[in-house]
Amino acid sequence: MNFAFSEEQEELRRSVRRFLDDKSPIPEVRRLMETTEGYDPAVWAQMGAQLGLQGLAISEEHGGSGFTYVELIVVLEEMGRSLLCAPYFATVALAANAILTSGDDSAKKELLPGIASGDTIATLAFTEDNGRWDEGGIATAATRTGDGWTLDGHKMFVLDGHVANLLVVAARTSAGLSLFAVDENAPGLTRTALATMDQTRKQARLELSGTPGRLIGADGGASSGLSRTLDLAAVALAAEQVGGAQRCLDMSVEYAKERVQFGRPIGSFQAIKHKCADMLLEVESAKSAAYYAGWAAAEGSDELPVVASLAKAYCSDAYFHAAAENIQIHGGIGFTWEHDAHLYFKRAKSSELLLGDPTYHRELLAQRIGL
């Protein structure tokens with residue numbers, strides 16, 4: 001079993017890195033995070049039309065490129081490294097996966113081509129005010145009205161929910177947990193952008209009051225598909241976290257070589273050496289966890305639920321520790337707004353909580369292996 005990336009996959013990494021270095025340097029990240037929308041429409045269109053990134057893991061039948069989840073984690077790792085400000089994770093890792101796992105062929109045919117081309121920005125509206133990432137936290141109700149459905153309730157912490165054209169909403173019917181497609185201009189829908197600690201990843205609150213929605217999949221049959229969607233999203237997020245953690249390590253090592261105290265680079269001091277060595281160990285271990293989880297997702301392995309939670313828990317801890325140590329190694333300047341270290345620290349913290357924190361996933365992992 002070979003987990004090394006192929007030459008084609010490495011070329012994909014190099015191409016995406018060149019694109020992001022050009023379109024998403026840190027000054028541009030800082031500019032976009034101050035905007036309400038949080039992304040550049042021109043860059044988003046270029047990602048879809050020229051690079052095909054939104055449709056990378058969507059089948060050719062539905063307008064995508066038909067690559068696997070392994071290629072997707074390569075792209076997400078690079079996006080995590082550059083702190084890309086764009087609704088990519090919400091659209092590809094959450095909404096597209098929710099549609100793909102729904103078993104609804106007509107919904108796939110109707111909704112996926114727009115996502116693959118970049119014409120549609122989509123997101124998954126799952127969590128509510130309780131912040132729970134399990135289906136027990138969903139109280140939004142869907143009621144059949146004539147030949148359609150209406151939704152009543154609210155959704156909280158919805159990634160890019162204020163700019164999405166398509167909202168994939170999890171709600172309860174009399175038959176159980178179901179999935180609905182809601183248009184951005186649907187009556188009764190109110191979207192409010194939230195103030196977030198991590199300004200590079202926008203969130204919104206949704207209010208649904210008699211809002212019409214189209215059923216995706218079977219009435220009451222969304223539970224297994226949503227569970228798989230969240231596992232796939234956890235793998236995608238782990239890959240993002242690996243990219244961010246590696247960048248924090250690189251920043252720390254670069255600074256340790258350049259910063260001189262007492263006539264010598266601070267990287268020559270044992271305390272700094274130990275910090276960098278510990279970070280390297282954790283980052284490499286995080287890569288192993290994320291890459292294996294990506295392979296499991298690509299192969300449709302039965303191990304996916306286990307390795308998804310394992311990767312999410314470990315990569316969350318590794319990224320947060322790397323981001324915190326990066327600030328410590330930089331000393332006083334690392335605490336300033338002008339330095340980039342705090343941007344990675346905030347992304348690390350928000351990613352740690354997104355889809356459930358490490359404690360939640362360790363408990364989930366224990367349940368899944370029967371402990």
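Guide: Gly118 follows helix α6 and has a positive phi, near 90°. Helices here are DSSP runs of H or I with at least four residues, strands are runs of E with at least two, and both are numbered from the N terminus. The model is a predicted one, in which local features need pLDDT of at least 70 and side-chain atom pairs count only at pLDDT 80 or more, while totals for chains, interfaces and linings use all residues. Residues are numbered from 1 along each chain as its sequence is written, and side-chain values use heavy atoms, with hydrogens and water left out.

Helix α6 itself covers residues 105-117, which makes 13 residues. From its first C-alpha to its last it reaches 18 Å, close to the 18 Å expected at 1.5 Å a residue; the expected span is 1.5 Å times one less than the number of residues. The helix has a kink of about 35° at Leu111, shortly before the proline Pro113. Such a bend is the angle between axes fitted to the seven residues ending at a position and the seven starting there.

Several residues of α6 are buried, namely Ala107, Lys108, Leu111, Leu112, Gly114, Ile115 and Ala116. Buried means under 20% relative accessible area, exposed means over 50%, and partly exposed lies in between, with a 1.4 Å probe and protein chains only. The buried residues of this helix pack against the helices α3 and α5 (88-100) and the strands β1, β4 (166-173), β5 (176-183) and β7 (203-216).

His62 is placed in the loop between α3 (41-49) and α4 (69-82). Leaving out residues up to four places away in sequence, His62 touches Lys108, Lys109, Leu112, Pro113 and Ala116, where contact means heavy atoms within 4.5 Å. Because its relative accessible area is 10%, His62 counts as buried.

As for confidence, the protein has a mean pLDDT of 94, and 99% of its residues reach 70 or more; pLDDT is the predictor's confidence in each residue, from 0 to 100. Strand β1 (residues 122-125), one of the partners of α6, has the highest confidence, at 98.
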